[in-house]
Amino acid sequence: MSEMQQVFSTALQGSQRRDLCGQVVEAIVCGVYAPGEKLSESEMAKRFGVSRGPLREVLMQLTAMGLIERVPNVGARVVTLSSTKLCDIYRVREALEGMAARLAAELISDEEIASLRGLLETHEMHIEQVEGASYFHQQGDFDFHYCVIKASRNDKLISLLCDELYQLLRMYRFQSPRSHSRPEHALQEHKQILQAMEERDGELAEMLMRRHIQRSRTLIEQQLEIGNADAPSRFQHP
């Protein structure tokens, strides 16, 4: 095999691993594999049409992301939803996403501002269509928080928030009932954050983002106070 063929083969394998990782992540996030469920490598290899080698690499990645945990004498299993864990994550998000919003206000382009404004218009139409029953839950470029973090231009923040925490938060959002969410309030807070960013007011953008996430954490903590520590279902979508 020529050097060029080896490079191509390595790149292809890397692409295939990324595709497999994405498929397994979606299966966990969407509840195909339930919280606490033990993962069988043989079943997963058959489901995704791969050998166990690449699958084990993906499972290691997902363990690092916090979607999977290794339990002695049990093996790999999907993490169990926990209000305590969720509160811990929201405390980290409050600080880091606040910083991301401040940096984004300083660095974001006019084109990105226009794109975010269009994104929020899409979110608003969704809320109207469902009569305020839910927020617009999509990932990546359709997620307001994800776009703000990317606009910070800070690779470490992006890695921490978009790789290590992002999918775990998606899982909590996707699998938790939303009957107690407040999508209209979340949308208005997103608009205020965007306005501060458009005015290049980093200090205000950081304060608004921190306050926005803090409200969600407060609702989760209220559930803990009434002894419902294992049901993180009543939190406002941030």
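**Figure 1. Confidence across the predicted model.** The mean pLDDT of the protein is 83, and 78% of its residues reach 70 or more. Here pLDDT is the predictor's confidence in each residue, from 0 to 100. Over residues 1-14 the pLDDT is below 50, and this stretch has one contact in the model beyond near neighbours in sequence. A contact means heavy atoms within 4.5 Å. Residues 229-236 also stay under 50 in pLDDT. For them the model has 36 contacts beyond four places in sequence. Where pLDDT is low, the predicted coordinates should not be read in detail. This is a predicted model: local features need pLDDT of at least 70, side-chain atom pairs count only at pLDDT 80 or more, and totals for chains, interfaces and linings use all residues. Residues are numbered from 1 along each chain as its sequence is written, and side-chain values use heavy atoms, with hydrogens and water left out.

**Figure 2. The whole chain.** The protein has nine helices and two strands. Both kinds of element are DSSP runs, numbered from the N terminus: helices are H or I with at least four residues, strands are E with at least two. Along the sequence the pattern reads α-α-α-β-β-α-α-α-α-α-α. Of the 238 residues, 45% count as buried. Buried means under 20% relative accessible area, exposed over 50%, and partly exposed in between (1.4 Å probe, protein chains only). Take the contacts between residues at least 6 apart in sequence: 74% of them join residues at least 24 apart. The accessible surface comes to about 12300 Å², and 50% of it belongs to carbon and sulfur atoms. These areas come from the Shrake-Rupley method with a 1.4 Å probe; for residues, only the protein chains shown count as cover.

Figure 3. H3 covers residues 52-65, 14 residues in total. From its first C-alpha to its last it reaches 20 Å, close to the 20 Å expected at 1.5 Å a residue. The expected span is 1.5 Å times one less than the number of residues. Leu55, Val58, Leu59, Leu62 and Met65 are the buried residues of H3. Seen down the helix axis, they fall within an arc of 110°, so they line one face of H3. The arc is that of the directions from the axis to the C-beta atoms. An α-helix has 3.6 residues a turn, so residues three or four places apart point the same way. Met60 and Ala64 are exposed on the other side of H3. Just after the helix, Gly66 takes a positive phi of about 90°.

**Figure 4. Leu62 in the nonpolar core.** The largest nonpolar core has 65 residues. Such a core is a set of buried Ala, Val, Leu, Ile, Met, Phe, Trp, Tyr and Cys residues joined through side-chain atoms within 4.5 Å. Those with the most contacts inside it are Ile28, Leu62, Leu116, Met171 and Met197. Not counting residues up to four places away in sequence, Leu62 touches Cys21, Val24, Val25, Ile28, Leu67 and Ile68.

**Figure 5. Ile127 and Pro183.** Ile127 lies in helix H5, residues 110-129. Its relative accessibility is 6%, so Ile127 counts as buried. Pro183 is 56 residues away along the chain, yet the two C-alpha atoms are separated by 7.1 Å.

**Figure 6. Glu206 in helix H9.** H9 spans residues 202-225 and holds Glu206. Glu206 counts as buried because its relative accessibility is 18%. Beyond neighbours within four places in sequence, Glu206 is in contact with Gly98, Met99, Ala101 and Arg102.
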